[in-house]
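This report covers a few local features of one protein model. Please have the sequence and the 3D view open while reading.

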Amino acid sequence: MTAPEGARRLPLLAAASAAVALAAADTYVVVLALTDMMAGVGIGIDALQRATPIISGFLLGYIAVLPLIGRLSDLLDRRRVLLGCLLVFVVGSAVTALAVELPVLVGGRVLQGIGGGGLVPATLALVADLWPVERRGTPLGVVGAVQELGSVLGPVLGAVVLAWSGWRAIFWLNVAAALILYAVIHLLGPRSARRGVGLAAVGLGALVVLGLGVTGLALAAPEALVTDVTLGAPFVPFAGTARLLTPVGAVGLGLLLVAAVASAPRWWAVLRRVDLVGALLVAVALGSLVLTFASSDPEKEVVGPLGHGLLPVGGAALLVLVWWHRRAADPLVPRGVVGSRGLRAFTVSLLVGAALVAVVVDVPLLARLTDSYDATGAALVLVRFLVAVPVGALLGGWSLRRLGDGAVAGAGLLLAGGGLLVMSGWTLASVGQTVPATVVLVVVGLGTGLALAPVNNAALADSPPGAHGVASALVVVARMVGMVVGLALLTSVGLSRYYDAVRRLPDPLDTDALIGAGVVQVQTVFLGGAIAALLGAAVAASLGLRRARPDGRLR
(Lines give C-alpha, C1' and ligand atoms only; values in the text may rest on other atoms or scores of the structure.)
Protein backbone atom coordinates (compact mmCIF):
# COMPACT_ATOMS: atom_id res chain seq x y z
CA MET A 1 0.00 0.00 0.00
CA THR A 2 1.48 3.34 -1.06
CA ALA A 3 1.61 6.38 1.23
CA PRO A 4 -1.04 8.36 -0.66
CA GLU A 5 -3.30 5.34 -0.69
CA GLY A 6 -2.76 4.89 3.05
CA ALA A 7 -3.71 8.52 3.66
CA ARG A 8 -6.92 8.08 1.68
CA ARG A 9 -8.04 4.78 3.15
CA LEU A 10 -10.03 6.19 6.10
CA PRO A 11 -11.98 8.71 3.96
CA LEU A 12 -12.52 5.98 1.37
CA LEU A 13 -13.79 3.57 4.01
CA ALA A 14 -16.12 6.28 5.34
CA ALA A 15 -17.56 7.00 1.88
CA ALA A 16 -17.96 3.33 0.96
CA SER A 17 -19.54 2.59 4.35
CA ALA A 18 -21.98 5.46 3.88
CA ALA A 19 -22.97 3.91 0.54
CA VAL A 20 -23.54 0.56 2.26
CA ALA A 21 -25.70 2.28 4.89
CA LEU A 22 -27.72 4.01 2.16
CA ALA A 23 -28.46 0.70 0.44
CA ALA A 24 -29.31 -0.97 3.76
CA ALA A 25 -31.74 1.83 4.63
CA ASP A 26 -33.43 1.36 1.27
CA THR A 27 -34.03 -2.30 2.09
CA TYR A 28 -36.27 -1.48 5.04
CA VAL A 29 -37.83 1.82 3.94
CA VAL A 30 -40.36 -0.08 1.81
CA VAL A 31 -41.94 -1.48 4.98
CA LEU A 32 -43.58 1.89 5.65
CA ALA A 33 -44.04 3.05 2.07
CA LEU A 34 -45.42 -0.19 0.59
CA THR A 35 -49.10 0.72 0.66
CA ASP A 36 -48.41 4.13 -0.88
CA MET A 37 -46.23 2.51 -3.56
CA MET A 38 -49.04 0.06 -4.34
CA ALA A 39 -51.46 2.95 -4.79
CA GLY A 40 -48.92 4.73 -7.00
CA VAL A 41 -48.98 1.85 -9.50
CA GLY A 42 -52.72 1.25 -9.28
CA ILE A 43 -52.83 -1.66 -6.81
CA GLY A 44 -55.46 -1.55 -4.09
CA ILE A 45 -54.81 -2.50 -0.48
CA ASP A 46 -57.08 -5.51 -1.01
CA ALA A 47 -54.60 -6.97 -3.51
CA LEU A 48 -51.56 -7.15 -1.25
CA GLN A 49 -50.35 -10.38 -2.85
CA ARG A 50 -49.74 -8.50 -6.12
CA ALA A 51 -47.24 -6.28 -4.30
CA THR A 52 -45.02 -9.24 -3.38
CA PRO A 53 -42.68 -8.66 -6.39
CA ILE A 54 -41.88 -5.18 -5.04
CA ILE A 55 -40.10 -6.86 -2.13
CA SER A 56 -38.99 -10.11 -3.75
CA GLY A 57 -37.64 -8.21 -6.79
CA PHE A 58 -35.26 -6.25 -4.57
CA LEU A 59 -34.16 -9.44 -2.79
CA LEU A 60 -33.66 -11.18 -6.12
CA GLY A 61 -31.41 -8.40 -7.41
CA TYR A 62 -29.59 -8.18 -4.08
CA ILE A 63 -28.74 -11.87 -3.75
CA ALA A 64 -28.67 -13.52 -7.18
CA VAL A 65 -25.85 -11.53 -8.76
CA LEU A 66 -23.75 -10.91 -5.64
CA PRO A 67 -21.16 -13.62 -6.44
CA LEU A 68 -20.75 -12.17 -9.95
CA ILE A 69 -20.23 -8.65 -8.59
CA GLY A 70 -17.85 -10.02 -5.99
CA ARG A 71 -15.83 -11.71 -8.73
CA LEU A 72 -15.79 -8.53 -10.81
CA SER A 73 -14.44 -6.64 -7.81
CA ASP A 74 -11.56 -9.13 -7.73
CA LEU A 75 -10.76 -8.57 -11.40
CA LEU A 76 -11.25 -4.79 -11.51
CA ASP A 77 -10.31 -1.92 -9.26
CA ARG A 78 -12.55 -1.98 -6.18
CA ARG A 79 -13.39 1.68 -6.62
CA ARG A 80 -14.62 1.11 -10.16
CA VAL A 81 -16.98 -1.58 -8.90
CA LEU A 82 -18.20 0.70 -6.10
CA LEU A 83 -18.82 3.49 -8.62
CA GLY A 84 -20.58 1.13 -11.02
CA CYS A 85 -22.84 -0.21 -8.26
CA LEU A 86 -23.70 3.33 -7.18
CA LEU A 87 -24.69 4.22 -10.75
CA VAL A 88 -26.90 1.13 -11.00
CA PHE A 89 -28.45 2.09 -7.65
CA VAL A 90 -29.06 5.63 -8.94
CA VAL A 91 -30.77 4.38 -12.09
CA GLY A 92 -32.85 1.90 -10.12
CA SER A 93 -33.92 4.58 -7.64
CA ALA A 94 -34.90 6.96 -10.44
CA VAL A 95 -36.89 4.28 -12.26
CA THR A 96 -38.66 3.38 -9.00
CA ALA A 97 -39.49 7.03 -8.33
CA LEU A 98 -40.93 7.50 -11.82
CA ALA A 99 -42.88 4.24 -11.99
CA VAL A 100 -46.65 4.27 -12.46
CA GLU A 101 -46.84 0.61 -13.55
CA LEU A 102 -46.01 -2.45 -11.48
CA PRO A 103 -43.51 -4.02 -13.96
CA VAL A 104 -41.53 -0.76 -14.11
CA LEU A 105 -41.59 -0.44 -10.32
CA VAL A 106 -40.37 -4.01 -9.88
CA GLY A 107 -37.66 -3.43 -12.51
CA GLY A 108 -36.46 -0.40 -10.58
CA ARG A 109 -36.37 -2.37 -7.36
CA VAL A 110 -34.36 -5.16 -9.01
CA LEU A 111 -31.79 -2.59 -10.19
CA GLN A 112 -31.67 -1.09 -6.71
CA GLY A 113 -31.03 -4.54 -5.26
CA ILE A 114 -28.22 -5.24 -7.74
CA GLY A 115 -26.52 -1.91 -7.10
CA GLY A 116 -27.09 -1.82 -3.35
CA GLY A 117 -26.13 -5.44 -2.79
CA GLY A 118 -22.93 -5.13 -4.80
CA LEU A 119 -21.68 -2.34 -2.55
CA VAL A 120 -21.26 -4.69 0.42
CA PRO A 121 -18.75 -7.25 -0.91
CA ALA A 122 -16.81 -4.55 -2.76
CA THR A 123 -16.46 -2.56 0.47
CA LEU A 124 -15.48 -5.61 2.54
CA ALA A 125 -12.90 -6.61 -0.07
CA LEU A 126 -11.60 -3.03 -0.08
CA VAL A 127 -10.94 -3.38 3.65
CA ALA A 128 -8.94 -6.54 2.95
CA ASP A 129 -6.89 -4.59 0.39
CA LEU A 130 -6.15 -1.60 2.59
CA TRP A 131 -5.60 -3.23 6.01
CA PRO A 132 -3.29 -6.13 6.93
CA VAL A 133 -4.95 -9.27 8.25
CA GLU A 134 -4.17 -8.57 11.91
CA ARG A 135 -5.74 -5.07 11.74
CA ARG A 136 -8.87 -5.72 9.71
CA GLY A 137 -11.17 -6.35 12.65
CA THR A 138 -12.10 -2.75 13.45
CA PRO A 139 -12.76 -1.59 9.86
CA LEU A 140 -14.78 -4.77 9.20
CA GLY A 141 -16.74 -3.97 12.35
CA VAL A 142 -17.36 -0.47 11.03
CA VAL A 143 -18.78 -1.83 7.78
CA GLY A 144 -21.02 -4.27 9.65
CA ALA A 145 -22.13 -1.54 12.04
CA VAL A 146 -23.09 0.98 9.39
CA GLN A 147 -24.97 -1.70 7.46
CA GLU A 148 -27.07 -2.46 10.54
CA LEU A 149 -27.35 1.24 11.36
CA GLY A 150 -28.82 1.77 7.91
CA SER A 151 -31.41 -0.87 8.73
CA VAL A 152 -32.36 1.14 11.83
CA LEU A 153 -32.44 4.51 10.10
CA GLY A 154 -34.33 3.29 7.01
CA PRO A 155 -37.79 3.14 8.56
CA VAL A 156 -37.13 6.32 10.55
CA LEU A 157 -36.05 8.32 7.50
CA GLY A 158 -38.93 6.84 5.53
CA ALA A 159 -41.39 8.00 8.16
CA VAL A 160 -39.88 11.51 8.15
CA VAL A 161 -40.06 11.78 4.36
CA LEU A 162 -43.61 10.42 4.24
CA ALA A 163 -44.64 13.00 6.84
CA TRP A 164 -43.88 15.89 4.47
CA SER A 165 -43.93 14.34 1.02
CA GLY A 166 -44.92 11.27 -0.98
CA TRP A 167 -43.13 7.95 -1.31
CA ARG A 168 -41.40 8.99 -4.53
CA ALA A 169 -39.36 11.58 -2.59
CA ILE A 170 -37.65 8.72 -0.72
CA PHE A 171 -36.15 7.40 -3.94
CA TRP A 172 -35.25 10.84 -5.30
CA LEU A 173 -33.29 11.39 -2.08
CA ASN A 174 -31.55 8.08 -2.81
CA VAL A 175 -30.54 9.47 -6.20
CA ALA A 176 -29.11 12.65 -4.69
CA ALA A 177 -27.24 10.89 -1.88
CA ALA A 178 -25.79 8.22 -4.18
CA LEU A 179 -24.55 10.83 -6.67
CA ILE A 180 -22.80 12.73 -3.89
CA LEU A 181 -21.12 9.53 -2.69
CA TYR A 182 -20.16 8.72 -6.29
CA ALA A 183 -18.38 12.08 -6.56
CA VAL A 184 -16.58 11.59 -3.23
CA ILE A 185 -15.35 8.05 -4.04
CA HIS A 186 -14.27 9.19 -7.51
CA LEU A 187 -12.23 12.06 -6.04
CA LEU A 188 -10.62 9.71 -3.52
CA GLY A 189 -9.31 7.46 -6.28
CA PRO A 190 -5.76 7.63 -7.62
CA ARG A 191 -4.94 10.58 -9.84
CA SER A 192 -4.41 8.32 -12.83
CA ALA A 193 -8.08 7.32 -12.60
CA ARG A 194 -9.17 10.97 -12.66
CA ARG A 195 -7.24 12.04 -15.75
CA GLY A 196 -8.99 13.05 -18.92
CA VAL A 197 -10.59 10.38 -21.06
CA GLY A 198 -10.72 10.02 -24.82
CA LEU A 199 -13.32 11.56 -27.09
CA ALA A 200 -14.82 8.12 -27.76
CA ALA A 201 -15.46 7.55 -24.06
CA VAL A 202 -16.94 11.04 -23.69
CA GLY A 203 -19.22 10.44 -26.65
CA LEU A 204 -20.31 7.08 -25.31
CA GLY A 205 -21.02 8.59 -21.90
CA ALA A 206 -23.07 11.35 -23.50
CA LEU A 207 -25.06 8.74 -25.43
CA VAL A 208 -25.83 6.83 -22.22
CA VAL A 209 -26.89 10.02 -20.42
CA LEU A 210 -29.07 11.03 -23.37
CA GLY A 211 -30.66 7.56 -23.50
CA LEU A 212 -31.37 7.58 -19.77
CA GLY A 213 -32.76 11.11 -20.00
CA VAL A 214 -35.14 10.30 -22.85
CA THR A 215 -36.24 7.07 -21.16
CA GLY A 216 -36.80 9.00 -17.93
CA LEU A 217 -38.87 11.55 -19.87
CA ALA A 218 -41.05 8.73 -21.20
CA LEU A 219 -41.57 7.37 -17.68
CA ALA A 220 -42.27 10.82 -16.22
CA ALA A 221 -44.70 11.77 -19.04
CA PRO A 222 -45.03 15.45 -17.97
CA GLU A 223 -48.65 16.53 -18.15
CA ALA A 224 -47.75 19.76 -19.93
CA LEU A 225 -46.30 17.75 -22.81
CA VAL A 226 -48.71 14.83 -22.79
CA THR A 227 -51.79 17.06 -23.01
CA ASP A 228 -50.36 19.28 -25.74
CA VAL A 229 -51.97 18.65 -29.13
CA THR A 230 -48.64 18.59 -30.97
CA LEU A 231 -46.05 17.65 -28.34
CA GLY A 232 -48.24 14.94 -26.84
CA ALA A 233 -48.15 12.67 -29.91
CA PRO A 234 -44.78 11.02 -29.01
CA PHE A 235 -46.26 10.03 -25.63
CA VAL A 236 -49.17 8.06 -27.09
CA PRO A 237 -48.58 4.29 -26.52
CA PHE A 238 -48.39 1.99 -29.51
CA ALA A 239 -50.67 -0.38 -27.58
CA GLY A 240 -52.08 -0.49 -24.08
CA THR A 241 -51.02 2.13 -21.54
CA ALA A 242 -47.34 1.33 -20.90
CA ARG A 243 -45.28 4.53 -20.98
CA LEU A 244 -42.23 2.78 -22.38
CA LEU A 245 -44.27 1.53 -25.36
CA THR A 246 -44.40 5.03 -26.83
CA PRO A 247 -42.29 6.78 -29.49
CA VAL A 248 -40.39 8.60 -26.74
CA GLY A 249 -39.83 5.38 -24.81
CA ALA A 250 -38.70 3.56 -27.96
CA VAL A 251 -36.17 6.30 -28.75
CA GLY A 252 -34.77 6.21 -25.20
CA LEU A 253 -34.44 2.43 -25.15
CA GLY A 254 -32.97 2.53 -28.66
CA LEU A 255 -30.29 4.98 -27.58
CA LEU A 256 -29.38 2.75 -24.63
CA LEU A 257 -29.21 -0.27 -26.94
CA VAL A 258 -26.87 1.59 -29.30
CA ALA A 259 -24.70 2.58 -26.32
CA ALA A 260 -24.60 -1.05 -25.16
CA VAL A 261 -23.57 -2.28 -28.60
CA ALA A 262 -20.95 0.47 -28.98
CA SER A 263 -19.44 -0.32 -25.59
CA ALA A 264 -19.60 -4.10 -26.09
CA PRO A 265 -15.85 -4.50 -26.77
CA ARG A 266 -15.11 -2.96 -23.37
CA TRP A 267 -17.59 -4.77 -21.13
CA TRP A 268 -17.30 -8.06 -23.01
CA ALA A 269 -13.53 -8.04 -22.49
CA VAL A 270 -14.19 -7.82 -18.74
CA LEU A 271 -16.96 -10.42 -18.71
CA ARG A 272 -14.78 -12.87 -20.63
CA ARG A 273 -12.51 -12.96 -17.62
CA VAL A 274 -15.44 -14.05 -15.45
CA ASP A 275 -16.93 -17.52 -15.36
CA LEU A 276 -20.24 -16.55 -17.02
CA VAL A 277 -21.57 -20.11 -17.01
CA GLY A 278 -20.92 -20.36 -13.27
CA ALA A 279 -22.45 -16.92 -12.70
CA LEU A 280 -25.60 -17.94 -14.59
CA LEU A 281 -25.92 -21.19 -12.63
CA VAL A 282 -25.44 -19.36 -9.31
CA ALA A 283 -28.05 -16.76 -10.30
CA VAL A 284 -30.56 -19.48 -11.24
CA ALA A 285 -29.96 -21.44 -8.03
CA LEU A 286 -30.14 -18.40 -5.73
CA GLY A 287 -32.97 -16.77 -7.66
CA SER A 288 -35.07 -19.93 -7.48
CA LEU A 289 -34.47 -20.15 -3.74
CA VAL A 290 -35.32 -16.51 -3.07
CA LEU A 291 -38.48 -16.48 -5.20
CA THR A 292 -39.66 -19.78 -3.72
CA PHE A 293 -39.61 -18.61 -0.12
CA ALA A 294 -40.15 -14.87 -0.61
CA SER A 295 -43.37 -15.46 -2.58
CA SER A 296 -44.86 -18.20 -0.40
CA ASP A 297 -47.69 -17.59 2.07
CA PRO A 298 -46.49 -18.98 5.44
CA GLU A 299 -50.08 -19.20 6.66
CA LYS A 300 -50.79 -21.82 4.00
CA GLU A 301 -47.52 -23.47 3.04
CA VAL A 302 -43.73 -23.22 3.24
CA VAL A 303 -43.37 -23.79 -0.49
CA GLY A 304 -46.07 -22.23 -2.65
CA PRO A 305 -47.19 -23.23 -6.15
CA LEU A 306 -44.37 -21.18 -7.68
CA GLY A 307 -41.82 -23.02 -5.60
CA HIS A 308 -42.87 -26.46 -6.79
CA GLY A 309 -41.49 -25.52 -10.19
CA LEU A 310 -38.61 -23.33 -9.04
CA LEU A 311 -37.00 -25.60 -6.44
CA PRO A 312 -36.30 -28.44 -8.92
CA VAL A 313 -34.85 -25.88 -11.32
CA GLY A 314 -32.67 -24.43 -8.57
CA GLY A 315 -31.60 -27.88 -7.41
CA ALA A 316 -30.63 -28.89 -10.93
CA ALA A 317 -28.68 -25.65 -11.37
CA LEU A 318 -26.82 -26.35 -8.12
CA LEU A 319 -25.85 -29.86 -9.22
CA VAL A 320 -24.63 -28.60 -12.58
CA LEU A 321 -22.73 -25.84 -10.76
CA VAL A 322 -20.86 -28.38 -8.64
CA TRP A 323 -19.90 -30.31 -11.77
CA TRP A 324 -18.92 -27.14 -13.61
CA HIS A 325 -16.86 -25.84 -10.70
CA ARG A 326 -14.70 -28.98 -10.84
CA ARG A 327 -13.99 -28.78 -14.55
CA ALA A 328 -13.78 -25.00 -15.16
CA ALA A 329 -10.25 -23.67 -15.53
CA ASP A 330 -11.11 -20.45 -13.67
CA PRO A 331 -14.44 -20.92 -11.83
CA LEU A 332 -16.59 -18.07 -10.53
CA VAL A 333 -15.77 -19.08 -6.96
CA PRO A 334 -12.01 -19.70 -7.00
CA ARG A 335 -10.84 -22.93 -5.45
CA GLY A 336 -9.89 -22.41 -1.84
CA VAL A 337 -12.65 -19.93 -1.01
CA VAL A 338 -15.01 -22.63 0.26
CA GLY A 339 -12.18 -24.57 1.86
CA SER A 340 -10.47 -24.25 5.22
CA ARG A 341 -12.57 -21.94 7.42
CA GLY A 342 -14.56 -20.49 4.52
CA LEU A 343 -17.42 -23.00 4.54
CA ARG A 344 -17.73 -22.77 8.32
CA ALA A 345 -17.82 -18.95 8.13
CA PHE A 346 -20.61 -19.10 5.54
CA THR A 347 -22.53 -21.56 7.73
CA VAL A 348 -22.28 -19.23 10.72
CA SER A 349 -23.43 -16.31 8.59
CA LEU A 350 -26.48 -18.31 7.44
CA LEU A 351 -27.42 -19.16 11.03
CA VAL A 352 -26.93 -15.53 12.10
CA GLY A 353 -29.44 -14.54 9.41
CA ALA A 354 -32.00 -17.04 10.71
CA ALA A 355 -31.61 -15.80 14.29
CA LEU A 356 -31.72 -12.17 13.22
CA VAL A 357 -34.94 -12.47 11.23
CA ALA A 358 -36.69 -14.22 14.14
CA VAL A 359 -36.24 -11.09 16.25
CA VAL A 360 -36.91 -8.54 13.52
CA VAL A 361 -40.24 -10.07 12.51
CA ASP A 362 -41.71 -11.44 15.74
CA VAL A 363 -40.81 -8.83 18.35
CA PRO A 364 -43.16 -6.26 16.74
CA LEU A 365 -45.75 -9.03 16.28
CA LEU A 366 -45.68 -9.88 19.98
CA ALA A 367 -45.95 -6.19 20.89
CA ARG A 368 -48.97 -5.75 18.61
CA LEU A 369 -50.75 -8.65 20.34
CA THR A 370 -50.94 -6.50 23.47
CA ASP A 371 -53.28 -3.57 23.97
CA SER A 372 -50.38 -1.24 24.72
CA TYR A 373 -48.68 -0.79 21.35
CA ASP A 374 -49.76 0.45 17.96
CA ALA A 375 -47.61 -0.07 14.84
CA THR A 376 -45.26 2.78 15.79
CA GLY A 377 -44.92 1.62 19.38
CA ALA A 378 -44.18 -1.95 18.26
CA ALA A 379 -41.45 -0.64 15.95
CA LEU A 380 -39.93 1.30 18.85
CA VAL A 381 -39.75 -1.90 20.89
CA LEU A 382 -37.70 -3.47 18.08
CA VAL A 383 -35.42 -0.41 17.92
CA ARG A 384 -33.89 -1.48 21.25
CA PHE A 385 -32.56 -4.55 19.49
CA LEU A 386 -31.67 -2.83 16.22
CA VAL A 387 -29.58 -0.14 17.91
CA ALA A 388 -27.61 -2.77 19.85
CA VAL A 389 -26.63 -4.71 16.70
CA PRO A 390 -24.29 -2.04 15.21
CA VAL A 391 -22.80 -1.43 18.64
CA GLY A 392 -22.09 -5.14 18.87
CA ALA A 393 -20.58 -5.08 15.38
CA LEU A 394 -18.12 -2.37 16.41
CA LEU A 395 -17.23 -4.21 19.61
CA GLY A 396 -16.77 -7.44 17.67
CA GLY A 397 -14.38 -5.82 15.23
CA TRP A 398 -12.40 -4.15 18.00
CA SER A 399 -12.21 -7.42 19.98
CA LEU A 400 -10.41 -9.12 17.10
CA ARG A 401 -7.32 -7.14 18.06
CA ARG A 402 -6.86 -9.51 21.02
CA LEU A 403 -9.17 -12.50 20.45
CA GLY A 404 -9.73 -15.01 17.68
CA ASP A 405 -12.64 -15.02 15.25
CA GLY A 406 -14.19 -18.06 16.89
CA ALA A 407 -13.93 -16.65 20.40
CA VAL A 408 -15.69 -13.39 19.51
CA ALA A 409 -18.35 -14.86 17.21
CA GLY A 410 -18.97 -17.85 19.48
CA ALA A 411 -19.37 -15.69 22.59
CA GLY A 412 -21.68 -13.32 20.75
CA LEU A 413 -23.93 -16.07 19.45
CA LEU A 414 -24.01 -17.71 22.89
CA LEU A 415 -25.31 -14.40 24.25
CA ALA A 416 -27.83 -14.13 21.43
CA GLY A 417 -28.95 -17.74 21.84
CA GLY A 418 -29.36 -17.35 25.59
CA GLY A 419 -31.36 -14.17 25.13
CA LEU A 420 -33.61 -15.80 22.55
CA LEU A 421 -34.20 -18.74 24.91
CA VAL A 422 -35.42 -16.24 27.49
CA MET A 423 -37.62 -14.62 24.83
CA SER A 424 -39.10 -18.03 23.93
CA GLY A 425 -40.78 -17.88 27.35
CA TRP A 426 -42.08 -14.33 26.97
CA THR A 427 -45.75 -13.57 27.50
CA LEU A 428 -47.73 -10.45 26.69
CA ALA A 429 -46.76 -9.02 30.06
CA SER A 430 -43.05 -9.48 29.31
CA VAL A 431 -43.09 -6.89 26.52
CA GLY A 432 -44.60 -4.31 28.85
CA GLN A 433 -41.82 -4.76 31.42
CA THR A 434 -39.59 -2.09 29.91
CA VAL A 435 -36.33 -2.64 31.77
CA PRO A 436 -36.14 -6.48 31.64
CA ALA A 437 -37.34 -6.57 28.01
CA THR A 438 -34.83 -3.91 27.02
CA VAL A 439 -31.98 -5.75 28.71
CA VAL A 440 -32.80 -8.99 26.90
CA LEU A 441 -33.23 -7.27 23.51
CA VAL A 442 -29.94 -5.39 23.95
CA VAL A 443 -28.11 -8.59 24.90
CA VAL A 444 -29.47 -10.40 21.83
CA GLY A 445 -28.60 -7.41 19.62
CA LEU A 446 -25.08 -7.10 20.99
CA GLY A 447 -24.52 -10.84 20.63
CA THR A 448 -25.72 -10.91 17.04
CA GLY A 449 -23.59 -7.89 16.18
CA LEU A 450 -20.49 -9.42 17.75
CA ALA A 451 -20.56 -12.22 15.17
CA LEU A 452 -20.56 -10.02 12.06
CA ALA A 453 -16.93 -8.88 11.83
CA PRO A 454 -15.35 -12.23 12.87
CA VAL A 455 -17.28 -14.13 10.19
CA ASN A 456 -16.14 -11.71 7.49
CA ASN A 457 -12.61 -11.72 8.86
CA ALA A 458 -12.36 -15.52 8.81
CA ALA A 459 -13.68 -15.78 5.25
CA LEU A 460 -11.29 -13.08 4.01
CA ALA A 461 -8.25 -14.39 5.87
CA ASP A 462 -8.60 -17.91 4.47
CA SER A 463 -9.45 -17.00 0.87
CA PRO A 464 -6.82 -16.33 -1.82
CA PRO A 465 -5.88 -12.63 -2.14
CA GLY A 466 -7.47 -12.50 -5.58
CA ALA A 467 -10.80 -13.81 -4.29
CA HIS A 468 -11.67 -11.44 -1.46
CA GLY A 469 -14.62 -10.01 -3.36
CA VAL A 470 -16.18 -13.43 -3.95
CA ALA A 471 -15.57 -14.50 -0.35
CA SER A 472 -17.24 -11.34 0.97
CA ALA A 473 -20.16 -11.84 -1.42
CA LEU A 474 -20.72 -15.40 -0.22
CA VAL A 475 -20.81 -14.25 3.42
CA VAL A 476 -23.54 -11.74 2.53
CA VAL A 477 -25.42 -14.28 0.39
CA ALA A 478 -25.36 -16.85 3.20
CA ARG A 479 -26.76 -14.35 5.67
CA MET A 480 -29.54 -13.20 3.32
CA VAL A 481 -30.46 -16.79 2.46
CA GLY A 482 -30.60 -17.54 6.18
CA MET A 483 -33.02 -14.65 6.64
CA VAL A 484 -35.27 -15.57 3.70
CA VAL A 485 -35.40 -19.33 4.33
CA GLY A 486 -35.34 -18.95 8.11
CA LEU A 487 -38.33 -16.63 8.05
CA ALA A 488 -40.35 -19.05 5.95
CA LEU A 489 -39.45 -22.16 7.98
CA LEU A 490 -39.74 -20.62 11.44
CA THR A 491 -43.00 -18.87 10.62
CA SER A 492 -44.41 -22.07 9.16
CA VAL A 493 -43.55 -24.07 12.29
CA GLY A 494 -44.90 -21.28 14.51
CA LEU A 495 -48.16 -21.10 12.58
CA SER A 496 -48.49 -24.88 12.76
CA ARG A 497 -48.40 -24.66 16.55
CA TYR A 498 -50.80 -21.71 16.42
CA TYR A 499 -53.41 -23.59 14.41
CA ASP A 500 -52.95 -26.64 16.60
CA ALA A 501 -53.64 -24.51 19.68
CA VAL A 502 -56.69 -22.94 18.02
CA ARG A 503 -58.14 -26.35 17.14
CA ARG A 504 -57.97 -27.36 20.79
CA LEU A 505 -59.80 -24.28 22.08
CA PRO A 506 -63.14 -25.00 23.77
CA ASP A 507 -64.48 -21.74 22.36
CA PRO A 508 -62.90 -20.78 18.99
CA LEU A 509 -64.37 -17.28 19.36
CA ASP A 510 -62.60 -16.59 22.66
CA THR A 511 -60.47 -13.53 21.83
CA ASP A 512 -58.10 -13.91 24.78
CA ALA A 513 -57.51 -17.57 23.95
CA LEU A 514 -56.79 -16.72 20.31
CA ILE A 515 -54.26 -14.11 21.42
CA GLY A 516 -52.71 -16.75 23.65
CA ALA A 517 -52.35 -19.04 20.64
CA GLY A 518 -50.63 -16.17 18.82
CA VAL A 519 -48.16 -15.89 21.70
CA VAL A 520 -47.38 -19.61 21.28
CA GLN A 521 -46.54 -18.94 17.64
CA VAL A 522 -44.14 -16.12 18.54
CA GLN A 523 -42.52 -18.20 21.29
CA THR A 524 -41.92 -20.99 18.77
CA VAL A 525 -40.19 -18.61 16.36
CA PHE A 526 -37.99 -17.26 19.16
CA LEU A 527 -37.08 -20.82 20.15
CA GLY A 528 -36.14 -21.57 16.54
CA GLY A 529 -33.98 -18.43 16.48
CA ALA A 530 -32.30 -19.53 19.71
CA ILE A 531 -31.48 -22.94 18.22
CA ALA A 532 -30.01 -21.25 15.13
CA ALA A 533 -27.87 -18.93 17.28
CA LEU A 534 -26.59 -21.75 19.50
CA LEU A 535 -25.75 -23.91 16.49
CA GLY A 536 -23.96 -20.90 15.05
CA ALA A 537 -21.97 -20.55 18.28
CA ALA A 538 -20.89 -24.18 18.08
CA VAL A 539 -19.72 -23.83 14.49
CA ALA A 540 -18.12 -20.44 15.19
CA ALA A 541 -15.89 -21.95 17.87
CA SER A 542 -14.09 -23.87 15.11
CA LEU A 543 -13.02 -20.59 13.48
CA GLY A 544 -10.24 -20.21 16.02
CA LEU A 545 -10.08 -18.92 19.58
CA ARG A 546 -6.74 -17.12 19.22
CA ARG A 547 -5.89 -13.94 17.33
CA ALA A 548 -4.27 -14.25 13.91
CA ARG A 549 -0.61 -13.45 13.40
CA PRO A 550 0.47 -10.95 10.72
CA ASP A 551 0.89 -13.83 8.28
CA GLY A 552 -2.77 -14.79 8.76
CA ARG A 553 -2.10 -17.92 10.81
CA LEU A 554 -3.50 -18.41 14.29
CA ARG A 555 -1.26 -17.67 17.23
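Is Val208 buried, exposed or partly exposed?

The model is a predicted one. In it, Val208 has a relative accessible area of 31%.

Val208 belongs to helix H8, which covers residues 199–220. Once its neighbours within four places in sequence are left aside, Val208 is in contact with Leu256 and Ala259. A further spatial relation involves Gly252: Val208 and Gly252 are 44 residues apart in sequence, and their C-alpha atoms are 9.4 Å apart in space.

## Aromatic pairs

There are 4 aromatic pairs in the structure. One of them joins Phe58 and Tyr62, with ring centres 5.9 Å apart and planes at 40° to each other, a tilted arrangement. Both residues lie in helix H2 (residues 52–64); because they are 4 residues apart there, about one helical turn separates Phe58 from Tyr62. Phe58 is buried at 2% relative accessible area, and Tyr62 is also buried, at 6%.

Another pair is formed by Trp323 and Trp324. This pair is tilted as well, with 6.3 Å from centre to centre and 50° between the planes. Its two members fall into separate accessibility classes: Trp323 has a relative accessible area of 52% and is exposed, whereas Trp324 has 18% and is buried. The value for Trp324 counts as buried because the cut-off for that class is under 20%.

## The crossing of H2 and H5

Helix H2 also packs against helix H5, which spans residues 102–130; contact residues are listed below. The two axes come within 6 Å and cross at roughly 35°. The crossing is right-handed.

On the H2 side, the contact is made by Pro53, Ile54, Gly57, Phe58, Gly61 and Tyr62. Sorted by class, the contact between H2 and H5 has 10 nonpolar, 6 polar and 1 charged residues.

Key. Residues are numbered from 1 along each chain as its sequence is written. This is a predicted model: local features need pLDDT of at least 70, side-chain atom pairs count only at pLDDT 80 or more; totals for chains, interfaces and linings use all residues. Side-chain values use heavy atoms; hydrogens and water are left out. Rings of Phe, Tyr and Trp (its six-membered ring) pair if their centres lie within 6.5 Å; planes under 30 degrees apart count as stacked, over 60 as edge-to-face and the rest as tilted. Helices (H or I, at least four residues) and strands (E, at least two) are DSSP runs, numbered from the N terminus. Buried means under 20% relative accessible area, exposed over 50%, partly exposed in between (1.4 Å probe, protein chains only). Axes are lines fitted to C-alpha atoms, for helices over the stretch in contact, and angles run from 0 to 180 degrees between N-to-C directions. A crossing is left-handed if the near helix is turned anticlockwise from the far one by less than a right angle, and right-handed if clockwise. Contact means heavy atoms within 4.5 Å. Ala, Val, Leu, Ile, Met, Phe, Trp, Tyr, Cys and Pro count as nonpolar, Asp, Glu, Lys and Arg as charged, and the others, Gly among them, as polar.
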